[in-house]
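The sequence and structure come first.

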Amino acid sequence: MPKSSRLLVSLALSATPLLALAAVDTPAVQSAPKAGQPLPKLDRIQRIGDVALSPDGSHLAWVQEGKQPVIELADADGRHAQALDLGTKLADCSKGDLAWSPDSHQLAFIANCSHDLTNTEAMHTDVYLADVAGKGAPREVAKLAGYARALAWTANGQSLGFLYVPGATRHASATAAGKPQVGVIGEEPEEIQRVASLDVASGAVHTLTPASIYAYEFGWSADGSRIAYTAAPAPGDNNWWVAKLYVQDAKEGAAPRVVVDPSTVTGSLHGLQMALPRWSPDDSRIAFIGGLMSDQGSTGGDLYSVSPSGGEPVNLTPGITVTPEWFAWASKDALTVSQNAKGKVQLARYDIHGEQATAQAPYFTVPAMIGAGGAVLSVSLSADHQRVAFEQSSYDRAPEVHAGKLAGTPPPAVTSLNAGLKPAWGKAVSVEWKNEGRDVQGWLLYPTNYDPHKTYPMIVNVHGGPAWGVLSSWPGMGAMYASEGYFQFMPNPRGSFGQGEAFVQANRKDFGYGDLRDILAGIDAVEKLAPVDDHRLGLTGWSYGGFMSMFAPTQTQRFRAVVAGAGISDWASYYGENQIDQWMIPYFGASLYDDPAAYAKSSALSFIKQAKTPTLIIVGDRDEECPAPQSFEFWHALKTLGVPAQLVVYPNEGHHFANPEHTRDLQQRSLAWFAKYLPATR
């Protein structure tokens, strides 16, 4: 149940104009009720998209988001920055997938000018090439009728590889709004994502992988003659959890060969997921991250390697107590790894000796979120791994581009796009506690204008996933509760990234029990640290956090108000309603049809008569991951039992809301709900 999008991660909620429940097909939008004070203005920042350091380490590029996104080019230290001249044609288009040519002379990028949010038109994405010297406007290399992403050059600089969905009508993501479920269901043609290549000189596009399987990620061999990729039969949104690792020649019509099938391998990877296949510099092996991952794109686990010819994959990092989320080969015997270490980010080198990778002292550890675009916690490295660049933000500092030498200290900020912004919330602290023999960690935001002589209410935000983890990042509207006088607690209970694979897998067949006990123990730990009034606790979350926001009130009366976003109230009915049921098998151990008791055990509706907490329920009407009927079921049960409840369904929205007006509406409703049932002041 992906957390997805920065909004959902930070807010644990999302928004859209309300449809009257009695007439869900009407376009009318009711205004959100007003909270005790206006919606706080917390998200007025200059957002940064992809960041890319040239292979020779001399140039830096990044995307500045906004109504008219621009690509900035600068020296490696950020000096002499200037916007790439894109002309009026591309002014309103999104730009991303920045990819420097191996000789550092050209910058490739994708422009997406499709703005339709209702899946009624085919998307159009174009590939452009800009000269780093700024000689003329970028030239269009290919015009693609479909969705394209993940540009990657071959080492010889002659071709660009990318993921491509010909004729796509939506983003290739389960978090995007699904197609309307009308007419004959399940028999419409599938939109298949394939690995494609683009000849830079001629503009010729070649689809490399077969149309019979859906490709998720890929990597070029060092010599450019082969590709490695993860793929599964359609539907692509659902079958990522059973994807296999393939290798084939980088030619149209080449036969793919399965290298790793997690359903048949023995050892720690059995039945789990793979991500980020990467060839070693000598093409002797392919490394990847393997583990229990609840969401495509939410990568985390152990580091594995396998021969391109197949065989049993080797777990290079068994028993580590951190979660690698991104990596790149530094040499044929070393990896540069970005990892979650108990709620902080580390960049470290792992030296490989035989079948074991040993972490060296981290280059740096930061209480922050970093990223360069694409995979979570990615960074952009020079070819010699001597320099690094990425976007960084934290609870204390708004996003900036950071770049510098890869050494013993974090690289400095080289932009000052948000230098004037100060947090509108109180200080942030990492909180650690023990529960049932486990170390657990979370983040606590203090209320604005904090007075140590007062007691305050606290709202607990449970993250999605559950295989995810809260890191310190500029929350914007995600800190709206702290900015309105609440403590805001964001725990990383068992099932979260940050403490190794055993911790991630500790909630299998136990949803809502051990993880809830970890959260409640965390609340106890916070109350020893800060003046939180235990009789004024609220709970909120999105996706898995939405499930917890529905389930927890059936297990404890500790919370006085709840806002449940895109939640799950009954795992049994959910199994037949969602479009991604493959994710459930590794967690529940079997399908619903083989072990219904495992699903009933963790369903809020199994214990619904114990729920007494006023609850606001929010969902998008085209959510494929946590379908709206789950929210209807919970709302219906609470109303029948006389528990104060309100259901808000937003039109044309998936798991990740796309309409900013809906987001603002949801935020206002959430604040108003807590202001009514859990006021920040007595």
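## Second largest pocket

A pocket is an open set of points on a 1 Å grid over the protein atoms alone, with protein on both sides within 12 Å along at least five of seven lines. Its volume is the space filled by probe spheres set on the points. The model examined here is predicted.

The second largest pocket holds about 580 Å³ of space. Its lining is made up of 25 residues. Those nearest the centre are Glu188, Glu190, Pro235, Gln579 and Glu624. Sorted by class, the lining residues are 9 nonpolar, 8 polar and 8 charged. Helix H2, which spans residues 236-239, gives the most to this lining, with 3 residues.

## Helix H6

How many residues of helix H6 (residues 544-551) are buried? The count is 8 of the 8, so the helix is largely enclosed by the rest of the structure. The buried residues are Tyr544, Gly545, Gly546, Phe547, Met548, Ser549, Met550 and Phe551.

## Thr615

Thr615 belongs to strand S36, which covers residues 615-620. Is Thr615 buried or exposed? Its relative accessibility is 1%, and because buried means under 20%, Thr615 counts as buried.

A polar atom of the Thr615 side chain lies 2.8 Å from the backbone oxygen of Thr613. Leaving aside residues up to four places away in sequence, Thr615 touches Val562, Ala564, Phe634, Leu638, Pro644, Ala645, Gln646 and Trp673.

Methods: Residues are numbered from 1 along each chain as its sequence is written. This is a predicted model: local features need pLDDT of at least 70, side-chain atom pairs count only at pLDDT 80 or more; totals for chains, interfaces and linings use all residues. Side-chain values use heavy atoms; hydrogens and water are left out. Helices (H or I, at least four residues) and strands (E, at least two) are DSSP runs, numbered from the N terminus. Buried means under 20% relative accessible area, exposed over 50%, partly exposed in between (1.4 Å probe, protein chains only). A polar contact is a pair of N or O atoms within 3.5 Å; within protein, one must be able to donate a hydrogen and the other to accept it, and residues adjacent in sequence count only if both atoms are side-chain atoms. Contact means heavy atoms within 4.5 Å. On a 1 Å grid over the protein atoms alone, a cavity is a set of points where a 1.4 Å probe fits but cannot get out, and a pocket is an open set with protein on both sides within 12 Å along at least five of seven lines; lining residues have an atom within 4 Å of a point. Ala, Val, Leu, Ile, Met, Phe, Trp, Tyr, Cys and Pro count as nonpolar, Asp, Glu, Lys and Arg as charged, and the others, Gly among them, as polar.
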